[in-house]
Amino acid sequence: MPPHLGLVCVTVSNEIKYRTITRKRLLEQSPDTQQKLLDDIYRSNIQAFDTAMRYCERENIALYRIPSSIFPFADDDLGRDLLASFADTLARSGARARERNIRLVMHPDQFVVLSSDSENVVANSVKILQMHADIMELLGQPRTPWALLEIHGGKANRTDKLVENIGRLPDAIRCRLGLENDEYAYSAAEIHEACLQSGVPMVFDAHHHIVHEKLDSYDDPSVTEWFEKARATWAVPEHQLVHISNGRESFNDRQHADLIETMPASYARAPWIEIEAKSKEDAIARLRGWQAAAPG
């Protein structure tokens, strides 16, 4: 099979959009109004998710990253119980995703730092991860990296702390967790070591790698090397997921370009690729020729 290309969260068109609210605006309201506002947002965003599933089915997109902010404040008392009240609705939404053979993943935000020196930061990180795991549970997703929760390593030079805290995570989080290399704190080699020690799969990001190592080509042998080493960390290699983006102003620019003009040759063998381009569905459409030509 050629690689499956994944849509990240929204479309550049207005077809897939989600609602949110700031904490400041929410807390300015009375408790009853807070609940009503969140209830309206949760209902709207479940509809947006269902729209995303129909869109992915229509456009033959088999991988979808659910926005981390799909249910604002569901990581604390403001929204946790409210989210649980939508269990039946979310179970139906998750069933429809499975029927359409659409893989669902999530990428918790930068506030998740399991390697932090601060126990409060670690505790808050676990709380955020638990919210993501709760969403996957409500959607009826398996407790495996198929329903991936992908995070970065966090604070540099803290692999031991990162591995220790991964080992303490509840099963609903740990069984879905994957670690991604980044441009600054954790190189491909460092995150690979953390994956080996913690027993979670590695999400290889080729663009983060070339920025971190100051490389001038995706054809550098190390790109293929780390793609293959990352693949070996997946208990089911056919479920390996990688990321791709291109630099906006230059090859090594960490900012994402609108489209993907250059793809690593090794990615032709990647089963699942999240397309982290600013132009979202337009970037996927432009890659259809490359996808069809990939040998798989």
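Trainee: Why is glutamate 59 called partly exposed?

Mentor: The model is a predicted one, and in it glutamate 59 has a relative accessible area of 33%. Buried requires under 20% and exposed requires over 50%, so glutamate 59, at 33%, is partly exposed.

Trainee: How do you know that glutamate 59 forms a salt bridge with arginine 58?

Mentor: The closest N and O atoms of glutamate 59 and arginine 58 are 3.1 Å apart. The cut-off is 4 Å between a side-chain nitrogen of Lys or Arg and a carboxyl oxygen of Asp or Glu; the pair therefore qualifies as a salt bridge. Arginine 58 has a relative accessible area of 51%, and because exposed means over 50%, arginine 58 counts as exposed.

Trainee: What makes Arg65, Glu150, Glu274 and Glu276 one network?

Mentor: These residues are joined by salt bridges that share partners. The whole structure contains 24 salt bridges.

Trainee: How do you know that lysine 36 forms a salt bridge with aspartate 40, and how far apart are the two in helix H2?

Mentor: The closest N and O atoms of lysine 36 and aspartate 40 are 3.1 Å apart, so the pair meets the 4 Å cut-off. Both belong to helix H2 (residues 31–58), and because they are 4 residues apart, about one helical turn separates them. Lysine 36 is exposed at 55%, whereas aspartate 40 is partly exposed at 30%.

Trainee: What does the salt bridge between glutamate 57 and arginine 100 tie together?

Mentor: The side chains of glutamate 57 and arginine 100 meet at 2.9 Å, N to O. Glutamate 57 lies in helix H2 and arginine 100 in the loop between helix H4 (87–99) and strand E3 (103–106), so the pair ties together parts that are 43 residues apart in sequence. Glutamate 57 has 47% relative accessibility and arginine 100 has a relative accessible area of 22%; each value lies between 20% and 50%, so both residues are partly exposed.

Trainee: What makes the span of H4 close to the expected one?

Mentor: H4 has 13 residues and reaches 18 Å from its first C-alpha to its last. The expected span, at 1.5 Å a residue, is also 18 Å.

Trainee: Which residues of H4 are buried, and what covers them?

Mentor: Leu90, Ser93, Gly94, Ala95 and Ala97 are the buried residues of H4. Their cover includes H2, helix H3 (80–84), E3 and helix H5 (119–138). After H4 comes asparagine 101, with a positive phi near 60°.

Key. Residues are numbered from 1 along each chain as its sequence is written. This is a predicted model: local features need pLDDT of at least 70, side-chain atom pairs count only at pLDDT 80 or more; totals for chains, interfaces and linings use all residues. Side-chain values use heavy atoms; hydrogens and water are left out. Buried means under 20% relative accessible area, exposed over 50%, partly exposed in between (1.4 Å probe, protein chains only). The expected span of a helix is 1.5 Å times one less than its number of residues. Contact means heavy atoms within 4.5 Å.
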